[in-house]
Amino acid sequence: MTAGPQKKGMARPQIAWRAAQDIPDGAIVNLGIGMPLGIPNYIPAEREVILHSENGLLGMGPPAKEGEEDWELVNAGTLATTLLPGGSYFHHADSFAMIRGGHIDICALGAFQIAANGDLANWNLGDGVRTPTVGGAMDLAVGAKRVFILTDHNARDGGAKIVEECTLPLTGLTCVDRIYTDLAVIEVTATGLVVLEHIEDMSFEELQDKTGAELQQSADWKPLEAPDLD
Amino acid sequence: MINKQVSNLTVALAEIENGATVMAGGFGDAGSPNDLIHGLLECQLKGLTLIGNGVVAEDFGQGRLITAGCVVKYIASFPRGPGTTIFDAGTPTAHIELEVVPQGTLAERIRAGGAGIPGFYTGTAFGTPLAAGKETRQIDGKDYVLEQAITADVALIMAKHADRWGNLVYSKSGRNFNPIMAMGAKLTIVQVEEIVELGELDPETIATPGIFVDRVVEVENPTTLYGEP
């Protein structure tokens, strides 16, 4: 992998690539808006994964090609999408029964803050300026069997996004299972945050300095790597 | 003879009163009954409570009803759609009362309303600001929030095909909130692209049985945000 001269760490598509490697064959997966939408591009071809979209699709395909959009067929971000053979349509209450009822294996979301105990804040900046928009995030946070977070390790101002306790309005309590950032892969465990992988050209101590919660280094940690991606 | 077909949008939207609670289907622009919503503007109603997933554009669909000043309260999960600033501080719609509801809770509250279930417990939103002040309960060691059902005076629904009994068939992701909203209103009004003869709809594909529908109006070329496909 290559890192930009000014910044250590993986590019956003590489974060999506890394998360995609942890999606097993046969998984039913729901993807939030933003970085998670890149995941399907990088799921190994031999694995069959079914994408769920909370607006009533199972077996969602890739985004519609320009000029081929069908606006009756949109994804959770209201962009034109496609349906694969075997796909199905259903109404919103059934769609969230799938989510709340524990039928979704993995949900990948973005985050403003993640706490050491797995609390998640990703819906409301709490600034009283922008209208908060929760969408399906709270249902997904409590309902999916596993919740992956894909995020920049630090906010644009350099502040920590992984913190001891969230200060922003919460999306869900103790709901995050694994965090993928440009610097590390971190598992949320009952005894705290365990670093499974981190980029090789950053020491564990340096990673800890960039994190607002205490990290533990897994005994069998690996370097975080991803191929060059355009 | 049962015939729920009405001749035009004006007849379809007759007898809706000021202060009514109105639900409208749609997610993004898919399944949004835009001709009914825009038709409602001509009724010059005031004080509406509107229930929907969210505004897609300020001057279109639900957004147009809100910016025109017809709505005093909006219950939605994604009130401010991508690219809009509606309800943000400093905008003309900032004063409108907003109830932000997690999308699955919104869907289930509507479904419960139509199913005669007054409330239910869900783990969604427990411990978050959206559960503030709500009754909570532990069941089998897990924490849940009591959510109340939603019903409405009017539901505005978009489907693809209907028959004169009000049976409905939807198109793709245009189904979304429409079937559950159709169940939960005193007056359910549907716009469809085509009304077909009784018996032409395959009973296996009817997603909303006509029992939930009061009026159907044919709009052959529905108004869409993105123009004709």
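Cavities, interface and sheet

Analyst: The lining of the second largest cavity is made up of five nonpolar, five polar and one charged residues. This is a predicted model, and the values below are computed from it.

The residues around the second largest cavity come from chain A: A:Leu31, A:Gly32, A:Ile33 and A:Leu37, then A:His52, A:Ser53 and A:Glu54, then A:Met60, and finally A:Asn75, A:Ala76 and A:Gly77.

The largest cavity holds about 80 Å³. Its lining consists of 13 residues, and those nearest the centre of the largest cavity are B:Gly28, B:Ser32, B:Gly54, B:Val56 and B:Gln62. By class, the lining of the largest cavity has nine polar residues, three nonpolar and one charged.

Next, the contact between the chains. On the side of chain A, 36 residues are in contact with chain B, and 44 residues of chain B take part in return. Together chain A and chain B bury about 3,300 Å², with 62% of that area on carbon and sulfur atoms. Of the area that chain A buries against chain B, 20% is supplied by A:Glu72, A:His92 and A:Thr131, more than by any other three residues. Charged pairs also cross this interface: three salt bridges are found between chain A and chain B. In a salt bridge between A:Asp70 and B:Lys172, the side chains meet at 2.7 Å, N to O.

Last, a sheet in chain A. Three strands form an open sheet in the order β7-β6-β9 (chain A), and the pairing is mixed. Why does one side of β7 and of β9 of chain A lack a neighbour in the sheet? Both β7 (120–121) and β9 (162–163) of chain A stand at the edges and have a single partner strand each, so one side of each is left without a neighbour. Strand β6 of chain A, residues 113–115, pairs with β9(A) in the parallel sense over two bridges. Within this part of the sheet, A:Ala115 lies opposite A:Val163 of β9(A).

Notes:
Residues are numbered from 1 along each chain as its sequence is written. Chains are lettered from A and ligands numbered from 1 in the order in which they are written. This is a predicted model: local features need pLDDT of at least 70, side-chain atom pairs count only at pLDDT 80 or more; totals for chains, interfaces and linings use all residues. Side-chain values use heavy atoms; hydrogens and water are left out. On a 1 Å grid over the protein atoms alone, a cavity is a set of points where a 1.4 Å probe fits but cannot get out, and a pocket is an open set with protein on both sides within 12 Å along at least five of seven lines; lining residues have an atom within 4 Å of a point. Grid points are joined across faces, edges and corners, and a volume is the space filled by probe spheres set on the points. Ala, Val, Leu, Ile, Met, Phe, Trp, Tyr, Cys and Pro count as nonpolar, Asp, Glu, Lys and Arg as charged, and the others, Gly among them, as polar. Two strands pair if DSSP finds at least two bridges between them. Helices (H or I, at least four residues) and strands (E, at least two) are DSSP runs, numbered from the N terminus. Contact means heavy atoms within 4.5 Å. Buried area is the accessible area (1.4 Å probe) that two parts lose on being put together, summed over both. A salt bridge is a side-chain nitrogen of Lys or Arg within 4 Å of a carboxyl oxygen of Asp or Glu.
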